[in-house]
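Subject: Model handover

Hello,

Here is the structure for your files. My notes on it follow below.

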Amino acid sequence: MQNQTTIEKITSLAKRRGFVFPSSEIYGGFAAVYDYGHYGILLKNNLAAAWWKHMVQLRPDVVGLDSAIFMHPTTWKASGHVDGFDDPQIDCRDCKARMRADHMLEAFGIDADKMSAAEINEQIEKLKTEGKELKCISCGKKNLTPAKRFSLMVKSNLGSPTDALSEENVVYLRPETCGGIYLNYKNTLDSTRVKLPFGIAQVGKAFRNEIVARQFIFRTREFEQMEMQYFLHPSDMNRKYEEWKEARWQWYLEYGIKAENLRWYKHIKLAHYAAAAFDIEYNYTALGGFKEMEGIHQRGDWDLSQHSKFSGQKLDYTDPKSGEKFIPHIMETSVGLNRMFFAFLHEAYTEEGEGEDMRVVLKFDKRLAPVKIAVFPLLKNKPELVAKAEEVFKNLAKNYMCEFDDNGNIGKRYRRQDEIGTPYCVTIDFDTLEKDNCVTVRDRDTMQQERVSLENLSVYFAEKFV
Ligand code: ATP
């Protein structure tokens, strides 16, 4: 089955069915910020839980953390973000569109990620002499400003009302969650039973003043990250790095992403402290192809060394057996929950049939599906059917996210659940009451229906949702 996913189809389904809404819509929207509706938050929670299960619950060597968004401002000086976390920006003088210069140069095979603005402008001039000139991605004109670096840090203020706006009260909304992990490395070591090698995982909000261009929830200014920082002796790095790369790749396959829609991207230009960096890319065909979903990076001892230097605190580790003292090295796995959400929505989106019979169905892995079971009374104006359906709903809802729906004909109710990705629909009809005490269970993917007795229903679903 050909997946005919386009960005218009995904955004329209996401809004119509209550997954994702543009933020502040009644005020005309707010660029690159999105809200998650009922089915959106259910899917997001299920994704985060599936990640947490494999990253923390099933791993004796990883523990959890939930650090605050506000942190001591020196954190971001030590990490290099205050001085160096920026993107190169180009503006269109005609239509005022704002673009990422590095993304524009990518089209010409130039990797400008780590170039200064001057180096980028040199490249642009060089392209011009070769007859290749950059064009505005919005209006197509060539009236562009030179590139300049643009800080991604989002500032806020804390303090008493009188001095709230003064420079020394500036705080930053964290641009990544791992800062909180580095600062709690010692607390974690002192309060849990972990020994090197071990990891700390957390899920939380991050903020970046991104230059964005119509990418739905792929790149937003407020987003959630799921990060795991793994602390180890440098001699363990290569082995553990390969293990984690494999574990993360397998995780996507386990939850339903097809291998052909994943690929590795190897970073050639590395930060000075890194020995290797790979991304897992997903084939976002609705955005034009493969793009970064998750980063798996080696970070050396840079983070702990910097925080030790700026805080004056010792952050070294003493090996209990050998007595060797050293600053642990770190490798990380880092993924945007929202970007991952987009990938799973993209992967699940399926159109089947033609004309009248055409249906849109989200084929999520059952564990990820926002609603597991929908319960329908055949007719809404028959109190005895409604009462029985309510009873069935109450019982199933103790163990599963369920939805009760008595609106419209059954065919329409099935279509609605297909578009939400609900694996099973249960219908209570007159035979249930008068004849066999059975209900009709309809399967999302095969559309097959079978009669299941009410006594067996909980066992039936326990087997379906193992
Ligand atoms: P990009 O090159 O796409 O800007 P990045 O290399 O800056 O991403 P990292 O800093 O490595 O990204 O962040 C790790 C992960 O966090 C990314 O792989 C991505 O999934 C997610 N992420 C980063 N920025 C955003 C954003 N603005 N919106 C949504 N997710 C994001």
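Start with residues 110-137. The chain there is 46% helix and 0% strand, and the end C-alpha atoms lie 17 Å apart. Helices (H or I, at least four residues) and strands (E, at least two) are DSSP runs, numbered from the N terminus. The UniProt record, an unreviewed entry, places the feature "coiled-coil region" at residues 110-137. UniProt positions are in the numbering used here, feature names are shortened, and annotations may be inferred rather than shown by experiment.

Some ground rules. This is a predicted model: local features need pLDDT of at least 70, side-chain atom pairs count only at pLDDT 80 or more, and totals for chains, interfaces and linings use all residues. Residues are numbered from 1 along each chain as its sequence is written, and side-chain values use heavy atoms, with hydrogens and water left out.

Overall picture:
- The protein chain has 15 helices and 23 strands.
- Its C-alpha atoms fill a box of roughly 80 × 65 × 55 Å, taken along the principal axes.
- Of the 466 residues, 51% count as buried (under 20% relative accessible area; exposed is over 50%, partly exposed in between; 1.4 Å probe, protein chains only).
- Take contacts (heavy atoms within 4.5 Å) between residues at least 6 apart in sequence: 65% of them join residues at least 24 apart.

Next, helix 11 (residues 337-348) and two of its partners.

Helix 1 (residues 7-16) packs on helix 11 at about 105 degrees, with the axes 11 Å apart. Axes are lines fitted to C-alpha atoms, for helices over the stretch in contact, and angles run from 0 to 180 degrees between N-to-C directions. That makes the pair roughly perpendicular (65 to 115 degrees; under 35 is roughly parallel, over 145 roughly antiparallel, the rest oblique). I7, I10 and A14 of helix 1 meet F342, L345 and H346 of helix 11.

Helix 2 (residues 38-57) also packs on helix 11 at about 105 degrees, with the axes 10 Å apart. Helix 2 and helix 11 are therefore roughly perpendicular too. Helix 2 brings G40, L43, K44, L47, A48 and W51; helix 11 brings L337, N338, M340, F341 and F344.

Last, E210. Where does E210 sit? In the loop between strand 9 (198-207) and strand 10 (222-232). E210 is buried, at a relative accessible area of 4%. Leaving aside neighbours within four places in sequence, E210 contacts D87, R100, L152, R219, T220 and R221.

Best regards
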